[in-house]
Amino acid sequence: MIKDSIILGIDPGTNIMGYGVIKKRGDKIDFLCLDVLLLNRTENHHLKLKKIFEKTSELIKIFSPTEIAVEAPFFGKNPQSMLKLGRAQGAVIIASMTHNLPITEYAPKKIKMAITGYGQASKEQVAGMLMNMLSIGKKPKYLDSTDGLAAAVCHALQKNQLSNNKNQSWEQFIKQNPKRIN
């Protein structure tokens, strides 16, 4: 019996938090929602973190996800930005853990690679591929929303790989990957 899973994907940010929700059943992925939480008018950093926590908790209550995928902060040149993004991610993680939901982090390059096949893809390329893949008619105003959705889809695709490889024998692996054996 194939069990449905609802995956909430989040791209944490201190100015814009993007999110997307999908339903996965077997190999089929259905689009449910994508949007953003705008935080750029909120001056107080701690208040931003509170809003991120509250919005994540609200999304959990609305969609009842079974899993959460979050984009990990990328290593930039500005340590202050990294610290703020890490705190935003922490607010998402705490909200998820408060609701006893498993959470998986993905590096931006891994997400881009899963969606487009290219780890250096632009936000526009990721959005375009998701719109095509999930039959989304209108391009969203903020591409941070498709970044959140991309995290969810990346997680769904990773789960497919894991479940497809679960019953694979070493003999099958060697036949499928001859160049990986010395």
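A crossing of two helices is left-handed if the near helix is turned anticlockwise from the far one by less than a right angle, and right-handed if clockwise. The model on screen is predicted: local features need pLDDT of at least 70, side-chain atom pairs count only at pLDDT 80 or more, and totals for chains, interfaces and linings use all residues. Residues are numbered from 1 along each chain as its sequence is written, and side-chain values use heavy atoms, with hydrogens and water left out.

**Whole chain.** Start with the cartoon. The chain has six helices and five strands, taken as DSSP runs (H or I of at least four residues for helices, E of at least two for strands) and numbered from the N terminus. In that direction the elements run β-β-β-α-β-α-β-α-α-α-α. Of the 182 residues, 43% are buried, that is, under 20% relative accessible area with a 1.4 Å probe and protein chains only (exposed is over 50%, partly exposed in between). Switch to a surface: the chain exposes about 10,800 Å², 54% of it from carbon and sulfur atoms; the areas come from the Shrake-Rupley method with a 1.4 Å probe. Among contacts (heavy atoms within 4.5 Å) with a separation of 6 or more, 59% join residues 24 or more positions apart.

**H3 and H4.** Select residues 108–116 (H3) and 123–133 (H4), which pack at an angle of about 45° with their axes 9 Å apart. H3 is therefore oblique to H4; angles under 35 degrees count as roughly parallel, over 145 as roughly antiparallel, 65 to 115 as roughly perpendicular and the rest as oblique. Axes are lines fitted to C-alpha atoms, for helices over the stretch in contact, and angles run from 0 to 180 degrees between N-to-C directions. The two helices cross in the left-handed sense. Show the side chains of Lys112, Ile115 and Thr116 on H3, and of Gln125, Val126, Met129, Leu130 and Met133 on H4, which make the contact. By class, five are nonpolar, two polar and one charged. Ala, Val, Leu, Ile, Met, Phe, Trp, Tyr, Cys and Pro count as nonpolar, Asp, Glu, Lys and Arg as charged, and the others, Gly among them, as polar.

**H1 and H2.** Next select residues 45–63 (H1) and 79–98 (H2), packed at about 35° with axes 9 Å apart. This crossing is right-handed. Residues in the contact include Phe53 and Ile60 of H1 and Arg87 and Val92 of H2. The contact has nine nonpolar, five polar and two charged residues.

**Ser145.** Finish in helix H5 (residues 143–165), where Ser145 lies. Is Ser145 buried or exposed? Ser145 is buried, because its relative accessible area is 2%. Leaving out residues up to four places away in sequence, Ser145 touches Gly18, Tyr19, Gly20, Leu34, Asp35, Val36 and Pro140.
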